[in-house]
Amino acid sequence: RTEEFVKEREKKAPPPPVVKSAPPPNEPLVGVGMLLEKEHGNSTQIRIKEIITGGPVHQDGRIQIGHHLLKVDGMDVTGHAVQDIVPHVAGQEGTKVYMVLQGEAGEYAVE
């Protein structure tokens, strides 16, 4: 399933970002500017709960409250706990993360 995702992503999206290495111990982590929660009534879906004004997600404008997070850097996050996903969307300032989401119009990818 991961191989299918990678092949499909290569056809439709820019190349994935460089894999993030662990930050130095004193280097603060930053997020993309959104809060996540489990979808009410559906314990497998991760929903965008809030978007932080001025953050990267807000500035990009495509991700909206209520959209579902499906994949982070190629990893299917369906069924994972929110606290297990957060480290994958946070990193050193300036690093990139590749996410696939589901909105009203269907699936879309952001970097």
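Two strands pair if DSSP finds at least two bridges between them. Strands (E, at least two residues) and helices (H or I, at least four) are themselves DSSP runs, numbered from the N terminus. With that in hand, let's walk through this model.

A quick word on where things come from. This is a predicted model, so local features need pLDDT of at least 70 and side-chain atom pairs count only at pLDDT 80 or more, while totals for chains, interfaces and linings use all residues. Residues are numbered from 1 along each chain as its sequence is written, and side-chain values use heavy atoms, with hydrogens and water left out.

**The overall layout**

The protein chain has 3 helices and 6 strands. Read from the N terminus, the order of elements is α-β-β-α-β-β-α-β-β. Of its 111 residues, 34% count as buried (buried means under 20% relative accessible area, exposed over 50%, partly exposed in between, with a 1.4 Å probe and protein chains only). The chain exposes about 7200 Å², and carbon and sulfur atoms supply 52% of that; such areas come from the Shrake-Rupley method with a 1.4 Å probe, and for residues only the protein chains shown count as cover. Take the contacts (heavy atoms within 4.5 Å) between residues at least 6 apart in sequence: 54% of them join residues at least 24 apart.

**How the strands line up**

Here are the strand pairs, with a facing couple of residues for each.

| Strands | Sense | Bridges | Opposite residues |
|---|---|---|---|
| E1 and E2 | antiparallel | 5 bridges | Leu36 and Ile48 |
| E3 and E5 | antiparallel | 4 bridges | Val72 and Met99 |
| E5 and E6 | antiparallel | 5 bridges | Gly103 and Gly106 |

E5 and E6 are also joined by a hairpin through 2 residues. E5 is mostly covered, with 4 of its 5 residues buried.

Now for Arg47, which sits in strand E2. Its side chain makes a polar contact of 2.5 Å with that of Glu37 (a polar contact is a pair of N or O atoms within 3.5 Å; within protein, one must be able to donate a hydrogen and the other to accept it, and residues adjacent in sequence count only if both atoms are side-chain atoms). Setting aside neighbours within four places in sequence, Arg47 also has contacts that include Leu35, Glu39, Ile65 and His67.

**The nonpolar core**

In soluble globular proteins, nonpolar side chains tend to be buried together. A nonpolar core is a set of buried Ala, Val, Leu, Ile, Met, Phe, Trp, Tyr and Cys residues joined through side-chain atoms within 4.5 Å. The largest one here has 19 residues, and Met34, Leu36, Ile63, Leu69, Val72, Met99 and Leu101 have the most contacts inside it. Strands E1, E2, E3, E5 and E6 each give two or more residues to this core, and so does helix H3 (82-89).

Which residues of H3 are buried? They are Val82, Ile85 and Val89. These cover an arc of only 60° around the axis, which puts them on the same side of H3; the arc is that of the directions from the helix axis to the C-beta atoms. Their cover includes E1, E2, E3 and E5. On the other side of H3, Gln83 and Pro87 are exposed.
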